[in-house]
Amino acid sequence: MAETHAYPDLNALKARAEALNAEFASLDADARLRRAWELFGDRLIATTSFGRDAALLLHHLHRLKIPVRVYFMDTGFHFPETLAYRDTLSKAWGLDIRTVSSERTELERRQYAETETGPDGAARLRITNIDACCAINKVEVQRRFLALPDVDAFVSGLRRDQSPARKDMPFVAVQRGKIKIMPFLDWPHEDVDLYLRLWEAPEHPLAHLGYTSIGCSPSTCTRPPLPGEDARSGRWADDAKTECGIHLDTGF
Ligand code: SF4
C-alpha cells in the first residue's frame, strides 16, 4: 500500500528527496520505477513530451505494469508526427494519457507566433519571444497539473547525456513542491537505442530525419543537430536558451 505524503515544509521534502536519491543511485531503472510505484502508488504520475526517446519511459511503465497517469502538454505547436506518435504508443501499450494545455485564450496562447518565408520559399512558423511562449504553453500548464492535490511525485525520462545542463542532475529532486524522479539519468543514448530496438518500440516518425530531440515545430524551436553537436542543440538553436523551464525550478 502506497504511503500518503504530506510535506508541510520544503526542508522536509528536500531531505526526503536526498534520502531517496541515495537509495535510487544504487538501483537500476526497473528497480527505481518499481520503488517509486511502491512508495507513491497512484499519487505518482509520469510526464512526457512524446519526443524521440519517449518510448523508453513509457515502455518501462507498460512492461512493469505501473498504471500511472501520463501527462502530456499540448502546446498547440507540436509536429503532427508527435501527436500521431502519442496516439500510436497510447494504443500499443494502453497508456492512461492526460493531454493538458493552457487555459488561456487561443489568441494569448499564439500571441508570439508569426509566419515567415523559409529558405525553401514555403511559409513556416516562428516564435518572436520563446521564453514567454514556453511560460504560457508549458511552464504554467505544468504548474497546474503538478499542483493537483492527488499528485505527490512525478517521473521524467531526462538523461544526463542529453545536454551539459543535465549532466549533474540527481535521480530524485524536488520541483514545485513535488518529488521528481528521473530513473534513466545514467543511461547513455546508445543504451536507449539498444533498449528500444530490442523491444521493437515504435519510433518517432521524425527520428529517421535526424531529429535527436523533438520539441515544438516552429523554426525557432526545433531542428536536427549539426554534426558534432549534442542531442539537444537543435532546440532553440539560435538562442542561448537550452531548457523550456519545466525542468529548471527545483523549489516551490
Ligand atoms: S518550444 Fe517554442 S512553440 Fe513550444 S512553447 Fe516553447 S517557444 Fe512556444
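Colleague: Into which classes do the residues of the shell around the ligand divide?

Modeller: The shell around the ligand holds nine nonpolar residues, three polar and one charged. Nonpolar means Ala, Val, Leu, Ile, Met, Phe, Trp, Tyr, Cys and Pro; charged means Asp, Glu, Lys and Arg; the others, Gly among them, are polar. The model is predicted: local features need pLDDT of at least 70 and side-chain atom pairs pLDDT 80 or more, while totals for chains, interfaces and linings use all residues. Numbering starts from 1 along each chain as its sequence is written.

Colleague: Which residues come nearest to the ligand, and which helix gives the most to its shell?

Modeller: A residue is near if its C-beta atom, placed from the backbone, lies within 6 Å. Of the 13 residues around the ligand, Phe77, Cys133, Cys134, Cys216 and Cys221 come nearest. Helix H6 (residues 130–146) gives the most, with five residues.

Colleague: What is the order of the strands in the open sheet?

Modeller: Helices (H or I, at least four residues) and strands (E, at least two) are DSSP runs, numbered from the N terminus; strands pair through at least two DSSP bridges. The six strands follow the order S3-S2-S1-S6-S8-S7, with mixed pairing. Strands S3 (96–100) and S7 (172–175) each have a single partner strand, so one side of each lacks a neighbour in the sheet.

Colleague: In which sense do S2 and S3 pair?

Modeller: Strand S2 (residues 69–73) pairs with S3 in the parallel sense over five bridges. Met73 stands opposite Val100 in S3.
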